[in-house]
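Take a walk through this model with the coordinates open.

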Amino acid sequence: MLMSAFGGLMWLLYTAMLVLAVVALVMAAFSREDAFRAADKQNKMFWLIILGIAVAVNLLVPMLFLQLAGLVATIVFFVDVRPALQQVSGGGWGRRGGGSSSDGPYGPYNGGR
């Protein structure tokens with residue numbers, strides 16, 4: 001019984017690592033090439049290759065060490081690269097509308113005029 005629960009937990013862990021890697025790969029694929037250069041990160045092709053390898057390892061190679069290496073690359077993308085890309089490109093995923101920097105939560109701020 002304990003081994004069955006452990007196996008289920010490991011399957012859930014592997015699935016979560018795969019989903020995170022796929023989401024990071026899709027986000028990297030839809031990001032602009034010039035945003036990577038402007039954010040002073042590695043180029044887009046580098047991240048597509050690294051994240052693609054992470055997805056392939058999670059799908060094809062049942063070695064926890066390689067899967068953890070892919071997880072580290074995925075976390076680095078989410079924590080370091082993606083926020084830098086959003087800062088350079090002015091938003092991105094989850095941002096609604098194209099307001100200016102002086103827009104408040106209820107509309108534009110006009111300085112009390």
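Is Asp34 buried, partly exposed or exposed? Asp34 is partly exposed, because its relative accessibility is 36%. The classes are set by relative accessible area: buried is under 20%, exposed is over 50%, and partly exposed lies in between (1.4 Å probe, protein chains only).

Some ground rules come next. This is a predicted model, in which local features need pLDDT of at least 70 and side-chain atom pairs count only at pLDDT 80 or more, while totals for chains, interfaces and linings use all residues. Residues are numbered from 1 along each chain as its sequence is written, and side-chain values use heavy atoms, with hydrogens and water left out.

Start with the overall layout. The protein has 4 helices and 2 strands. Along the sequence they run α-α-α-α-β-β. Both kinds of element are DSSP runs, numbered from the N terminus: helices are H or I with at least four residues, strands are E with at least two. Of the 113 residues, 23% are buried. Among contacts with a separation of 6 or more, 62% join residues 24 or more positions apart. Contact here means heavy atoms within 4.5 Å.

Now the charged pairs. Side chains of opposite charge can pair when their charged atoms come close. The rule for a salt bridge is a side-chain nitrogen of Lys or Arg within 4 Å of a carboxyl oxygen of Asp or Glu. The count comes to 3 salt bridges.

Asp34 is in one of them. Its partner is Arg32, at 3.0 Å from N to O. Arg32 is partly exposed, because its relative accessible area is 44%.

Glu33 pairs with Arg37, and their closest N and O atoms are 3.8 Å apart. Both residues lie in helix H2 (residues 33–38). They are 4 residues apart, about one turn of the helix. Glu33 is partly exposed at 33% relative accessibility, whereas Arg37 is exposed at 54%.

Asp80 and Lys41 form another salt bridge, at 3.1 Å from N to O. This pair links distant parts of the chain: Asp80 is in helix H4, Lys41 is in the loop between H2 and H3, and 39 residues separate them. Asp80 counts as partly exposed at 39% relative accessibility. Lys41 is also partly exposed, at 26%.

Stay in the loop between H2 and H3, where Asp40 sits. Most residues other than glycine have a negative phi. Asp40 is not a glycine, yet its phi is positive, about 60°. Asp40 is exposed, because its relative accessible area is 68%.

Which helix holds Lys44? Lys44 belongs to helix H3 (residues 44–60). Lys44 is buried but has no salt bridge. The nearest side chain of opposite charge is Glu33, 5.7 Å away. For charge, Lys and Arg count as positive, Asp and Glu as negative; His and the chain ends are not counted. What does the side chain of Lys44 reach? It reaches the backbone oxygen of Ser31 at 2.7 Å. Beyond its neighbours within four places in sequence, Lys44 contacts Ala28, Ala29, Ser31, Glu33 and Phe36.

Helix H1 (residues 2–30) contains Val23. Val23 is partly exposed, because its relative accessibility is 35%.

Finish with H4. Helix H4 covers residues 64–89, 26 residues in total. At 1.5 Å a residue it should span 38 Å, and its end C-alpha atoms are 35 Å apart, which agrees. The expected span is 1.5 Å times one less than the number of residues. H4 has a kink of about 35°, centred on Phe77. The bend at a residue is the angle between axes fitted to the seven residues ending there and the seven starting there.

Phe77 is also among the buried residues of H4, with Gln67, Gly70, Ala73, Thr74, Val81, Ala84 and Leu85. Thr74 counts as buried because its relative accessibility is 2%. What does Thr74 touch, not counting residues up to four places away in sequence? The list is Leu20, Ala21, Ala24, Leu51 and Ala54. After H4 comes Gly90, with a positive phi near 75°.

Key
A polar contact is a pair of N or O atoms within 3.5 Å; within protein, one must be able to donate a hydrogen and the other to accept it, and residues adjacent in sequence count only if both atoms are side-chain atoms.
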